[in-house]
Amino acid sequence: MIDVKVAKTELEKVANLEQLESFFQQYLGKNGSITLAFKQMGSLSPEEKKSLGQELTEAKNQVAEAYEAKQKELSIEQINAQLNADIVDSSLETAHVDQGSFSLLTNIRRDAEEVCKSMGFIIEYGTEVVTKFENFESVNIPLTHPATEMHDTIYLQDKDLSGENLILRTHTSSMQNYLIQKYGLPLKAVVPSRVYRYENMDAHHDVMFYQLEGIVVDKNLSVAHFKDMMEKLLSALLHKKVETRMRPGYFPFVEPGFEIDARYEIYNQQTGKKELSKRIELVGAGMIHPNVLKNAGIDTNEWWSGFAFGIGISRLAAMRYGIKDIRYFTNGDLRFAKSFA
Ligand code: DAH
């Protein structure tokens, strides 16, 4: 006979759905004790069948009912456990990931590019490895000229087609010839890019620095156009109203040549008054020498004129952010990099 009490006690001990399945097989499954008991009734007399059948059915119903209740309970428990396991705790700290950022020099260069684009300049970078022709002769610097010594040059072992050693460009003026040939005239282009010199490094000199070369050629351009454009450009680059002064300067690729100094209004903390800053030499510049146009295949009998300039972007950045030593820009010191991130 089936002892419902025993079955129920056993059911109480069931702790999970797997154990519940064994319980089911033990009592109610195909070979379970209740199912087998029903099968064994075949040999009994009709009266015995009737009374035993009723008892068995009653027992089966009770066990099945208890089984179903237990099944429900365990299923709910399982769902809750799963939900608890899946909960995302957004207050937990996540693994810390540092976000990268552009270096200060890159930011200044990009900023300068935006300014130049808005003023209608084409932007080109060119290559850092150039021929001596590009770097010197194309811009009217004969190789014997003392000006080549102003640009202590880094030579490479590789040679160009004429057998001359290639060099790292010492100035972005090396792009003038290429730009004129590529775009023809009129032309308005800038080269915000890297240049290299064999220097003794100190707070103001590094072997690599950025220049912003500009070249503008058109008909009837005068120094007045040039001065006006430089004031607008420098003001936009420095985010201040800049006043310029042009002094005579010597560069073989311009005639006349200028050094351009800039000054702007600053706030004097001691006097509490606004005053003009010292003049700072920022730009080498001048009216383009006819030989530069000739070297690029331009007929100089036509009335083209133009100007070119070279701005030290690293110096510009140092000025804008009050940085005393330009080597910080490239020495990889994370404390410096992060303070401008
Ligand atoms: N190339 C010069 C230098 O590196 C800077 C410069 C001076 C560029 C005069 C120019 C210019 O375009 O007209 O020192």
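## Asn220 and backbone features

Asn220 is exposed, with a relative accessible area of 52%, where exposed means over 50% relative accessible area, buried under 20%, and partly exposed in between, using a 1.4 Å probe and protein chains only. Although Asn220 is not a glycine, its phi is positive, at about 60°, and the residue is found in the loop between strand E6 (208-219) and helix H9 (223-238). Helices (H or I, at least four residues) and strands (E, at least two) are DSSP runs, numbered from the N terminus. This is a predicted model, in which local features need pLDDT of at least 70 and side-chain atom pairs count only at pLDDT 80 or more, while totals for chains, interfaces and linings use all residues. Residues are numbered from 1 along each chain as its sequence is written, and side-chain values use heavy atoms, with hydrogens and water left out.

A positive phi, near 65°, is also found in Asn140, a residue other than glycine, and its place is in the loop between helix H6 (132-135) and helix H7 (147-150). Two peptide bonds are cis: one joins Leu185 and Pro186, with omega about -5°, and the other runs from Glu255 to Pro256, with omega near -5°. Pro186 is found in the loop between helix H8 (176-183) and strand E5 (187-196), whereas Pro256 is found in strand E8 (residues 254-268).

## Helix H1

Helix H1 (residues 4-13) has Val4, Ala7 and Leu11 as its buried residues. Seen down the axis of H1, these residues fall within an arc of 60°, so they line one face of the helix; the arc is that of the directions from the helix axis to the C-beta atoms. The buried residues of H1 pack against helix H2 (17-27) and helix H4 (46-86), with contact meaning heavy atoms within 4.5 Å.

On the face of H1 turned away from its buried side are the exposed residues Lys5, Glu12 and Lys13. The N-terminal end of H1 is capped by Asp3, a side-chain oxygen of which lies 3.0 Å from the backbone nitrogen of Lys5. A polar contact is a pair of N or O atoms within 3.5 Å; within protein, one must be able to donate a hydrogen and the other to accept it, and residues adjacent in sequence count only if both atoms are side-chain atoms.

## Aromatic pairs

Rings of Phe, Tyr and Trp (its six-membered ring) pair if their centres lie within 6.5 Å, and planes under 30 degrees apart count as stacked, over 60 as edge-to-face and the rest as tilted. By this rule the count comes to 11 aromatic pairs. The rings of Phe24 and Tyr67 have their centres 5.1 Å apart and their planes at 45°, so this pair is tilted. The pair links distant parts of the chain, with Phe24 in helix H2 and Tyr67 in helix H4, 43 residues apart. Phe24 is partly exposed, at a relative accessible area of 26%, while Tyr67 counts as buried at 11%.

For Tyr328 and Phe336, the ring centres are 5.3 Å apart and the planes are at 15°, so the pair is stacked. One aromatic cluster is formed by Phe121, Phe226, Phe258, Phe307 and Phe309.

## Surroundings of the ligand

A polar side-chain atom of Glu213 lies 2.7 Å from an oxygen atom of the ligand.
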